[in-house]
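Student: Before I plan around this protein, I would like to go through its structure with you, one feature at a time. Could you take my questions in turn?

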Amino acid sequence: MLARACGVLALAISVVTLGTSAWAGPSLLFDATNGAVLYAEDVDTLWHPASLTKMMTVYVTFVAIQDGTLALDTPIGCSKLANAQGPTRLGLPVGATITVETALQALIMKSANDVAVMLAEAVSGSHEAFVDYMNGMAGRLGMTRTKFANANDMGKLAAAIVRDFPQYASMWAMREMHIGKRQLRTHNGLLIHYPGADGMKTGFICDSGFNIVASATRAGHKLIAVVFGEATVQDRGLRAANLLEHGFRTYAWKALFGSQTLETMRMDDGAKRTVTKPAKVFSPVCGTGAGPVARRKRGQAVVAEGGAQAQPAKPRVRGTSMAKKSSTSWPW
């Protein structure tokens with residue numbers, strides 16, 4: 001049996017080899033059901049999560065719905081503070097209302113900052129009180145290094161969302177939606193290109209690079225990948241896809257040996273204690289003038305997740321941040 005297991009191990013490694021590029025940030029792959037860690041790289045290095053923080057906004061709103069404080073059809077208003085938020089945002093006028101359900105969908109899909117404030121005020125009465133509530137919730141979920149944070153903590157949050165609120169799974173898998181005349185499309189390319197992808201959330205600012213928490217389900221197994229600090233939106237999708245593919249292809253033999261979990265992983269005392277900025281981020285928003293961060297029709301301007309606008313640029317292609325040897329490539 002040991003010889004057979006070793007043979008399977010060798011085959012799995014030959015199919016997908018996970019490597020590190022000079023630009024790669026922290027990453028994590030785990031089983032959503034039991035938290036078993038299938039791959040981990042620099043998971044205790046602190047990092048700007050960018051809009052991944054809004055996963056906690058969504059989680060706390062789900063808790064408020066569960067407690068009866070809000071309902072999906074509760075209307076929430078756009079305050080002056082919400083209206084004053086910078087991109088990305090829906091741009092609702094002061095006094096405009098949308099339902100909690102619509103707000104959650106827009107937050108997941110577009111990372112709208114004005115909507116985040118609207119939900120915060122609806123849940124806690126004020127933006128400041130909501131921030132305190134979020135950080136308290138992070139502690140209760142075991143996110144030990146978070147005022148947000150690192151790959152392990154974001155993994156714990158993703159696992160909690162899947163575990164505690166499976167009834168809202170469809171929100172994380174939406175590809176597009178309409179709010180009035182506005183059409184919003186997901187920034188998560190895996191939902192379109194990766195077989196089995198079913199969520200969750202992307203994030204981007206210049207100081208973080210391109211981040212993603214991505215889930216996918218095959219043959220009843222749901223895996224979640226966390227990727228921080230990629231140089232382009234294409235690299236982010238490719239790294240997450242390769243992590244997920246690695247997990248699905250090696251899941252059977254790893255189950256034979258057991259695995260550490262999100263809860264039992266020991267903190268790396270040698271991890272960097274300061275937020276790390278990627279060596280290079282290719283985005284017009286960051287002044288690097290590289291390829292598009294969002295799909296566009298010919299002639300349209302580029303609108304990034306960060307919300308700034310730039311003129312169309314010729315896409316930059318560079319080597320993958322993952323496998324030295326992989327039989328699969330993904331069209332981002």
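Student: How many bridges join strand 8 to strand 9, and which residue stands opposite A214 in strand 9?

Tutor: This is a predicted model, and in it strand 8, which covers residues 209-218, runs antiparallel to strand 9, which covers residues 221-230. The number of bridges that join these two strands is eight. Within this pairing, the residue of strand 9 that stands opposite A214 is A225.

Student: What is the order of the strands in the open sheet of five strands, and which strands stand at its edges?

Tutor: The pairing in this open sheet is antiparallel, and the order of its five strands is 2-1-9-8-7. From one strand to the next, the twist averages 10 degrees. Two of the strands have a single partner strand each, so one side of each is left without a neighbour in the sheet, and these edge strands are strand 2 (37-41) and strand 7 (197-205).

Student: Which cysteines form the disulfide, and how many residues apart in sequence are the parts that the pair ties together?

Tutor: A search of the whole structure finds one disulfide, formed by C206 and C286 with their sulfur atoms 2.0 Å apart, and its -100 degrees about the S-S bond make the link left-handed. C206 lies in the loop between strand 7 and strand 8, whereas C286 lies in the loop between helix 10 (233-257) and strand 10 (302-303), so the separation in sequence of the parts tied together is 80 residues.

Student: Is C78 buried or exposed, and what is its relative accessible area?

Tutor: C206, at 25% relative accessibility, counts as partly exposed, and C286, also at 25%, counts as partly exposed. Buried means under 20% relative accessible area. C78 falls under that cut-off and is therefore buried, with a relative accessible area of 4%.

Student: Which residues of helix 5 are buried, and what covers them?

Tutor: Helix 5 has 12 residues, 113-124, and reaches 16 Å from its first C-alpha to its last, close to the 16 Å expected. Its buried residues are D114, V115, A116, V117, M118, L119, A120 and V123. What covers them includes strand 3 (75-77), strand 4 (97-99), helix 2 (54-67), helix 3 (80-83), helix 4 (100-110) and helix 6 (127-140).

Student: Over which residues is the pLDDT below 50?

Tutor: The protein averages a pLDDT of 78, and 74% of the residues score at least 70. Where pLDDT is low, the predicted coordinates should not be read in detail. The stretches with pLDDT under 50 include residues 290-304 and residues 306-332.

Technical notes:
Residues numbered from 1 in each chain as written. Predicted model: local features only at pLDDT ≥ 70, side-chain atom pairs only at ≥ 80, totals over all residues. Heavy atoms only, no water. Pairing = 2+ DSSP bridges. Helix = DSSP H or I, 4+ residues; strand = E, 2+ residues; numbered from the N terminus. Axes fitted to C-alpha atoms, helices over the stretch in contact; angles between N-to-C directions. pLDDT = per-residue confidence, 0-100. Contact = heavy atoms within 4.5 Å. Expected span 1.5 Å × (residues − 1). Buried < 20%, exposed > 50% of the residue type's maximum accessible area, 1.4 Å probe, protein only. Disulfide = S-S within 2.5 Å.
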